[in-house]
Amino acid sequence: MSAKSWLTSLLSVLLGRFSGRQLLLLLSLAVGVAASLAAQLLKWLIEEIKFLLTYQFDATQANRLYLVYPVVGILLTTLFVRIFVRDNIGHGITKILYSLSRERGRLKPHNTWSSLIASALTIGFGGSVGAESPIVLTGSAIGADLGEVFKLTHKRRILLIGCGAAAATAGIFKAPIAGVLFALEVLMIDLTMSSLLPLLISALTATCVAYAISGTDAMFDFQLVDAFGIRQVPSCLLLGALCGLVAFYATQTMVLTEGMFRRIGGMLWRVLLGGALLAVLIFLFPPLYGEGYDTVSTLLAANSELEATDVLRNSLFYAHPELLLLFLALIVGVKSFATAATNGAGGCGGTFAPSLFLGCLTGFIFSDLWNRLGLLSTTLPVRNYVLLGMAGLMSAFFQAPLTGVFLIAELTGGYQLFLPLMIVSATAYLTVQLFLRRNIYAIRLDKQGNLLTHDTDRNVLTLMSLDTVVDAGAPRLTPEMTLGQLVQTVANDERSIFPVCDPLGNLVGIIDFGRIRRYIFRSELYQRFRVSELMSQPEAELYKDDTMERVMEKFRKSGAGVLPVVDNQNRFVGFINHSRLLENYRQLVKDYSEE
């Protein structure tokens, strides 16, 4: 039996034996297994590449190979993408959000493996990004592919994409609750009982697979020494505000820097300039190499500032432990540029790890300075505040406070710090909201009107496509036509409104039969009037790149039943009928709301 016939037989058995709901739960289990295995494979690849490249480095001095590895890694990644993938695979979570909003939950098949290989090359060679976004894209692509194979409805296919994201997050961090919350807060998967169970199954399955492969220990070793006290509330509030400001700074600098790289013409120039910038930053500040989790582990485990100076290894600052805080503060300032340079130059990676890294350093600097200054006569437990900084920065950066709280608690086993974690995360989220309404993934999509939210009405409008409701078949009239020629042209057409276009196809007016009815039945007037004398201007014009919210708003303000659509050069595209638009909207609401 061939593979195709075997697959067909399996599909017929599954589709015939299980209900749609049961099949969805089975597929969520399969997604959990596959996404977790992919996550474990990616972690292993990154660690092996990094070990092979750096295990002989002398910790007491700077290493010039830091000036070479990042450029080589980005170049290899770029060549891999251009030769084997031939598609843009950067910004994994942004790509998922775009798929949910504009592609009806469809991801390309190569997304199940391409970002995994590309991110291993990028990060293993020093790219200052995280592996989480690429593996989330991989997990979501697995869910999308299974949804296509089993011909699931649009809503269930989107749910499987969310299952893939939850499973990938849970698998790489061993954090099932955070995986579910990530799908709900960042990907905007609707929170209903019908969606919660598949997400839980995928996340729990992924976590169990990760436990089976790498053990049940938390990702970071953290031991609570000093319990939280009420006197620490002011410092938690201040740390939260600081995390929100750092998140705002990091988001803005990443967006602006990546925009600058997009304007650089030519792949080679982007690789050389981005790689050179990244290499210099890593040479000066080695903790920027890769994901930065070694630095996080060091600061979380440090019992004193002397132990924390281990982060100075391989740097020019190694012989100057008194400059530790300056060293870390400089890293906070340049980390976002290193991350943006990695992605802008052609590397593949995400911002999960950079946000945790920045939060770790922010928490350490804040608590160490607080203790040195003796503020409020309170001594802060530095390791606790390292943890709190990670939660605060992630909550603000992703605009997902629950994900930040539970991810940090599950990553470290720091469940006894839930109250301060919530205080810092909530404060950081509220602070960044004063400046930014969307996280880094959603800013670009939101500006384009391509972002799904928890607002059902807005989601349905986002899912609607202008192309599906445009009537492009109306006969085009010219201003020079006589009334007789007009009647002859449209005699067999059921429409009542027609476009009037110049020889270049530009819309110059419309003919509304409702307005010229008194002329069209008088044949003696057929040679007397021309179209240019009978046409009128439309109440409004729609543009091809208008969002559906804008389209609906123009119909509401104009009160028209039919409006023309033109492109950016004013060339006529077609008409949109308001009644047909509402019918399409009602059908999508029905499809979107079905269980």
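**Close-up views of a predicted model**

**View 1. Surroundings of Phe435.** Residues up to four places away in sequence aside, Phe435 touches Leu245 and Phe248, where contact means heavy atoms within 4.5 Å. The model is predicted: local features need pLDDT of at least 70, side-chain atom pairs count only at pLDDT 80 or more, and totals for chains, interfaces and linings use all residues. Residues are numbered from 1 along each chain as its sequence is written, and side-chain values use heavy atoms, with hydrogens and water left out. Phe435 lies in the loop between helix 18 (418-433) and helix 19 (440-448); helices (H or I, at least four residues) are DSSP runs numbered from the N terminus. With a relative accessible area of 42%, Phe435 is partly exposed; buried means under 20%, exposed over 50%, and partly exposed in between (1.4 Å probe, protein chains only). Phe435 and Gly244 are 191 residues apart in sequence, and their C-alpha atoms are 9.4 Å apart in space.

**View 2. Gln40 in helix 2.** Gln40 belongs to helix 2 (residues 20-54) and counts as buried because its relative accessibility is 10%. Its contacts, not counting residues up to four places away in sequence, are Gly171, Ala210, Ile213 and Ser214.

**View 3. A nonpolar surface patch.** Leu65, Leu67, Val68, Val72, Leu76, Val280, Leu284 and Leu316 together expose about 580 Å² of accessible area as a nonpolar patch. Helix 3 (69-85) and helix 11 (267-284) are the elements that give two or more residues to this patch. Patch members have over 30% relative accessible area and no salt bridge, and nonpolar side chains (Val, Leu, Ile, Met, Phe, Trp, Tyr) are joined within 5 Å. A salt bridge is a side-chain nitrogen of Lys or Arg within 4 Å of a carboxyl oxygen of Asp or Glu. Areas come from the Shrake-Rupley method with a 1.4 Å probe; for residues, only the protein chains shown count as cover. Leu284, in helix 11, is partly exposed at 31% relative accessibility.

**View 4. Ile93 and the nonpolar cores.** Ile93, Phe173, Leu288, Phe352 and Met390 have the most contacts inside the largest nonpolar core, which has 130 residues. Such a core is a set of buried Ala, Val, Leu, Ile, Met, Phe, Trp, Tyr and Cys residues joined through side-chain atoms within 4.5 Å. Beyond its neighbours within four places in sequence, Ile93 is in contact with Ser133, Val136, Phe182, Val186, Leu187, Phe352 and Tyr441. Another core, of 16 residues, lies apart from the largest one and includes Met481, Leu486, Val490 and Ile520.

Notes: Patch = residues over 30% accessible without salt bridge, like charges linked within 9 Å, V, L, I, M, F, W, Y side chains within 5 Å.
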